[in-house]
Amino acid sequence: MGVEQLMNLEPADLRILRKLAIDPSMRQVDMARGLGVTRSSVNQVWRRLTKSHGFRVRSIIDYGQVGMTLLFGWAQIPSTSRALASFRGWLESGAFMADTTYSLVSSTTYTTVYFEAVLPRGERMLWFTSQLERLCGTLQGTTVVYDTAAEVSHHLNLGLFDGSSWDFDEGFRFQASTGAARGYADVLPITNTLKLSESGSSSMVDTALLSVVQLDYHASARQVAASLRRLGFGKLSERTLRRHLERIRGEWAKPYLELDNIGLAQRVLVCVENNPNEQDLSRVLHVQAGALPMSRVVSGSRLSVLDLKLPISSNWVALSSSLERMIGHSAQAIIFIAQESVTRKALENLLSSQTKKLRS
Amino acid sequence: MLRELASGQGAFPQISTPYDELFPLVEDASSRFYLEAIRLYLGLCAGTVNLDDALRFVERLKENPEFAKSPCDPTLVPVNEHFETKIVENLKTLKKYNLHTPDSIKSAYSFAFLVEEAPMNEKDLMVLSHLVKSPLAPANKIAESLRIAPKTVVRSIARLKRDHTVRFSCLSDNSAFGVQSVILFFRLAENIEWSEVESQFAEFPFTKALLKTEMSDTGYASFMFPGDDEEISVLESSMRKLTGSVFDYTSMHVQEGASSDVNLSLFEGGDWVLPEILSRPDDLESTENAYVGLHILPCRGRTRGFQRKDFAVASELRSDIRALPVAVSQSLRIKGWDVDAKQVAYSTRKMIEHGILEPDVVFGGLGLSTNFCFEIVCSPLWKRRLVSLMPQMPAAMSYLSPRGIVVWIQVPSQHQVEYYQFFRSLERRRGVESVLPIMTLAQKGSRAMLDLVRHWHLEGDFWYVEPDELNLSAYLQ
């Protein structure tokens, strides 16, 4: 499995993190005020957690605002065939690939390959999807499905963590509450979710700014200016940048916490192909994901993926069984233990490779 | 305390429990089956039903068609606080969300009995290690060997059964009684609903166990029936008829042997380590000679001197081979068999001496929380290699057939990827045709051998079935 370890969290760490998990946009000064402690003590914990647990406040970003699309999908390929190596080769060398991962343990004789690509709308995207379909058409026994992401959510439920162990129900209670939630999906409150726009202008500066906010929601104007210079964009005044940042944080980005070494070493992917008449399913997935330790949900009109991080000791078969029962006849699901992403590129990496290409 | 239900719901005896107000009122037989099973378990915990009544109650439960799909027998579940709390929590959850569907009631039952870890003390582990090597060892012999008091051993065994779901079971060579055992692996064809196929399998009188998780279209069904090649060929040809319509993959294994192994030497200092073979898979190719002398129970065919009563005793001993003969005799009496304690003791000894029974120990705890089943279609040489591999697994059972070997392994979750990939990678070896994985939840049971007997016919001193009755395609359409 991955290199994820468990480094215990102290009660003071948990206090700050739980507050932040509820509202990740909080700055240190607001947090200190809310908790009745000094700003320096919050800053001290913050810095320590950054070092020990890779703590960051990152953002889900609205690619649509800058004329881009998040395309996601999965292919099922016979595990022992040469097709798998061909597909991997093509996928991993793709300039637009933001994420690729493979099944490590599944209940089929296929390897499932999950991928995400960030593509400029229009011809580039059509070219990519035609290449994908053409390739899969030539690989024997391979099927592929893909969709455009419409909503993305991130969840970290620290209420289930006491600093050293996780306590959550992956069995009956989860199944029952999820089953019940399906009955009133349309009125469920949705939090931590960002709707991706279908149209937007494609300003390179905005794209570059968005790429900085994706990695650090609280990035200062000075940090942003440095990043822009790195990406080869001209100098903008810090005042202008601050104005841009405020707009981006307010409308185009949704913050979430990233935390490593909290004992979530098992990655389970649940890939769901919805029945088009059952639109509430992806909504339920976005909501119920919050009942699990750490998760990310991406959904489109036809496909949804639930990317889970679980404690190694948790019973993923029981959880899968609960999810499958919840999904029922209205959809088809592929559930597997996935390896850590082979390719994981933030927008900044994708931009950087694109700008290098433009310059050469 | 058993009381009759009010009219309108039939004269099904009802057990009272301290949690009666939590039970939803349901009409359908399937939901009632699981609720009655829950009631029985809670009744056993509360002491409102004695074991004899409970056994009679289970016989009534078996008449419900749901039993063939999920053969649950609450009398085999250890009475402990953990399971009791879980089942009560699940009943409360049903009530909270107002859930009455058969599926949710079934889940409330089955999720409650997933084994969870309880820490095992050093003495219990020592006793378990001894029992794994010698499942029938009397308490005083174990005490002598471990240099502890016999009372400590008795208490340890009780704790192992109650808190660690340790069960003393046995493999049995049913071919000695002229009984065949067959496993059918299948993958459902597109647009075929499992719930329908499951009900049809359940109606087939010879179905012993069914396993298919929601995670995949692949599953297996096992069958048991008296007969020989003629009966098997009818089943085989009916299965062929179903391939392409109900199933798009079928693979049938006729049992020719079995093994059961536990390897506690991998449990070091409270944690499991990986066996060396996983890092040196090429060593597998030189292990076939180790096959000789392994604990394999071969199917040797009809053996003179073994009668129906011996079969009945063997069936009971699979639940608890350490049970006192008098308890086995009483349990058989409730099931309509008159075999006194003396006969039970004699029959048990005779079957063990003739290699018809092979005692073993099965358990669900000690960190072995991941369960895999692999159907491996392979050459006879690879079959020997894989049987030789089994004693190196933490806990494994195998089922040998002319097509290859079916393996069930229990492994610690932190090593699940390594074990899974080790087995899946065998597919690349010359001589191994396919390795089909199935994830399983541990608690799934099977019908006891004696439950199947009611569908067999008697001729002289033994059973038979008409070959046509094995036509599975008449049920699965």
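The model I am showing is predicted.

With that in place, take strands E3 and E4 of chain A. E3(A) covers residues 97–106, and E4(A) covers residues 110–120. Five bridges join the two strands, which run antiparallel. Together E3(A) and E4(A) make a hairpin, with three residues between them. For one pair to look at on screen, find A:Thr101, whose bridge partner in E4(A) is A:Tyr114.

E4(A) also pairs with strand E2 of chain A, residues 68–78. Here there are eleven bridges, and these strands too run antiparallel. A:Pro78 is opposite A:Tyr110 of E4(A).

Is E4(A) mostly buried or mostly exposed? Ten of its eleven residues are buried, so the strand is largely enclosed by the rest of the structure. Buried here means 20 or more other C-beta atoms within 10 Å of the residue's own.

Now to the helices. H7(A) spans residues 204–215 and H9(A) spans residues 238–252. Their axes come within 10 Å and cross at roughly 65°. The crossing is right-handed.

Which residues make the contact between H7(A) and H9(A)? From H7(A) there are A:Leu209, A:Leu210 and A:Val213. They meet A:His244, A:Leu245, A:Ile248, A:Arg249 and A:Trp252 of H9(A). By class, the contact residues divide into six nonpolar, one polar and one charged.

That covers the strands and the helix pair.

Definitions and conventions
Residues are numbered from 1 along each chain as its sequence is written. Chains are lettered from A and ligands numbered from 1 in the order in which they are written. This is a predicted model: local features need pLDDT of at least 70, side-chain atom pairs count only at pLDDT 80 or more; totals for chains, interfaces and linings use all residues. A residue is buried if 20 or more other C-beta atoms lie within 10 Å of its own, exposed if 12 or fewer, and partly exposed in between; C-beta atoms are placed from the backbone. Helices (H or I, at least four residues) and strands (E, at least two) are DSSP runs, numbered from the N terminus. Two strands pair if DSSP finds at least two bridges between them. Axes are lines fitted to C-alpha atoms, for helices over the stretch in contact, and angles run from 0 to 180 degrees between N-to-C directions. A crossing is left-handed if the near helix is turned anticlockwise from the far one by less than a right angle, and right-handed if clockwise. Two residues are in contact if their C-beta atoms, placed from the backbone, lie within 7 Å. Ala, Val, Leu, Ile, Met, Phe, Trp, Tyr, Cys and Pro count as nonpolar, Asp, Glu, Lys and Arg as charged, and the others, Gly among them, as polar.
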